[in-house]
Amino acid sequence: MKKNILKKIEAIVGDAHLTTAREDLMCYSYDSTGMEYMPTAVAFPGSAVEISSIMELANKELFPVIPRGAGTGMTGGSLPIQGGLVLVMSRLNRILEVDVENQVAVVEPGVITGQFQAAVKKEALFYPPDPASRDFCTMGGNVAECSGGPSAIKYGVTRDYVLGLEVVLPDGRLMHTGVRTAKGVVGYDLTRLFIGSEGTLGIITKIVVRLLALPTHKKTYLVLTDSLRQAAMLVSEILKRGILPNTLEYMDQTALHVVREYLSLELPQSTRALLLVEVDGDENSTEEQGESSSECWQTGGHTRVFSRSDRLIMRRKSMIFGRPGAPFLRLHINCGLTRYPRMWWCRKQKFHSSLILPKSSPGSWVLSSSHSGMRETVTFMSISWWTRITRKNTKKVKQQKDCYLNM
Ligand SMILES: Cc1cc2nc3c(=O)[nH]c(=O)nc-3n(C[C@H](O)[C@H](O)[C@H](O)COP(=O)(O)OP(=O)(O)OC[C@H]3O[C@@H](n4cnc5c(N)ncnc54)[C@H](O)[C@@H]3O)c2cc1C
């Protein structure tokens, strides 16, 4: 990028908000894929108007612009593969409106998801999308990746809550999509087009989301089983009964081993799998769902342990980080309701043989955990994996792949 272009960008955002210093650029050269590409410059715009001017300039001078939230993405979307200008959304971090009566909020893209959830909770409202990275990822990044977490099984993912967007298009034009009402069915659904577009179609500068009333009650169960298959059968059983937990996560034995070691989790050595089940709602429905779920594991003769929800969910999430410094291979699986028990067969038979997944190298572990019973993928099992065999060896073994098995 030529010096005169950098001068023009500086004139738009102000010299305090543009950097070309190598040590600054390095901070924005990677995301959670572990890959690194140095940008030419990094800018921190303070408004949609500034972004619009930058995009006009980029369109004229033909330099790449890469929007970036917190850089926790696992798809490489915020990486400046061809250099260019990284636009960091950290200054666009205001919650512009929480309309309690209409259960709608308007936020800027740089708002941290967890902070937004905490803010609406104060008004007895609930914003459900809960990526495990919510304490540091941004609302803009969530929209661009259509993020979701454990509660997706009941509450859905980001796309189910975005009503409208303000977007700066690649040529600098400002565009508004969607509505701020529950129903908005007229015309093309352009909002959805931008959701999951990973910054390729435009830069999101405002997000309108719908909110729910905060569930008043919650019950969390930790179910220990003697085999993975038993855990899988339990998932099917819970869902067949019409119970819709807000969390239904499993961890296999190796995953448990890692968590136990990392967080001093006390579990019997004989445990082969763990199912984390959380139900929520008002007092009566929570009680009812809790009782009904309990019947599933009581009749199956499983061990059941009560625990505080926050601690458990934190432990499940902490697994995503793995065991710091240790070699490991991570595998996440989402699959459809009816295919769930069969997934175990597939996991065992195929992952280590015919699929491209490399054999676990000596001293590394295969962990597996999952958001169970995702309804959107009833006919497919979507498998994504990525490896992190210590930073030193990353280049040799790094893989990221989505594989779809028709089951
Ligand atoms: C520990 C950990 C746990 C995670 N858990 C989950 C999980 O449970 N569920 C899940 O879905 N994901 C998860 N992720 C992945 C990641 O956190 C999400 O994809 C998140 O939404 C990325 O947000 P971000 O702010 O970090 O975006 P970034 O990584 O900065 O960017 C992601 C993409 O969004 C684009 N983008 C960012 N801001 C804008 C904008 N304003 N306009 C247009 N495009 C934009 C970028 O160009 C890029 O393509 C996890 C990641 C980590 C590291």
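Let me begin with the shell around the ligand, where helix H5 gives the largest share, 5 residues, helices being DSSP runs of H or I with at least four residues, and strands runs of E with at least two, numbered from the N terminus. What we are looking at is a predicted model, in which local features need a pLDDT of at least 70 and side-chain atom pairs count only at pLDDT 80 or more, while totals for chains, interfaces and linings use all residues. Residues are numbered from 1 along each chain as its sequence is written.

In total, 34 residues surround the ligand, and the closest are Gly69, Gly73, Gly77, Gly141 and Gly199; a residue is near a molecule if its C-beta atom, placed from the backbone, lies within 6 Å of it. The elements that contribute two or more residues to this shell are strand S3 (65-68), helix H5 (139-145), strand S10 (203-210) and helix H11 (309-321). At least three residues of the shell come from each of domain 1 (3-90) and domain 2 (93-213), with bounds taken from an automatic or database domain assignment.

Now, how far does the confidence reach? The average pLDDT of the chain is 79, and 71% of the residues score at least 70, where pLDDT is the predictor's confidence in each residue, from 0 to 100. Over residues 319-329 the pLDDT is below 50, although this stretch has 29 contacts in the model beyond near neighbours in sequence, a contact meaning that two C-beta atoms, placed from the backbone, lie within 7 Å. Residues 373-407 also have a pLDDT below 50, with 77 such contacts. Where pLDDT is low, the predicted coordinates should not be read in detail.
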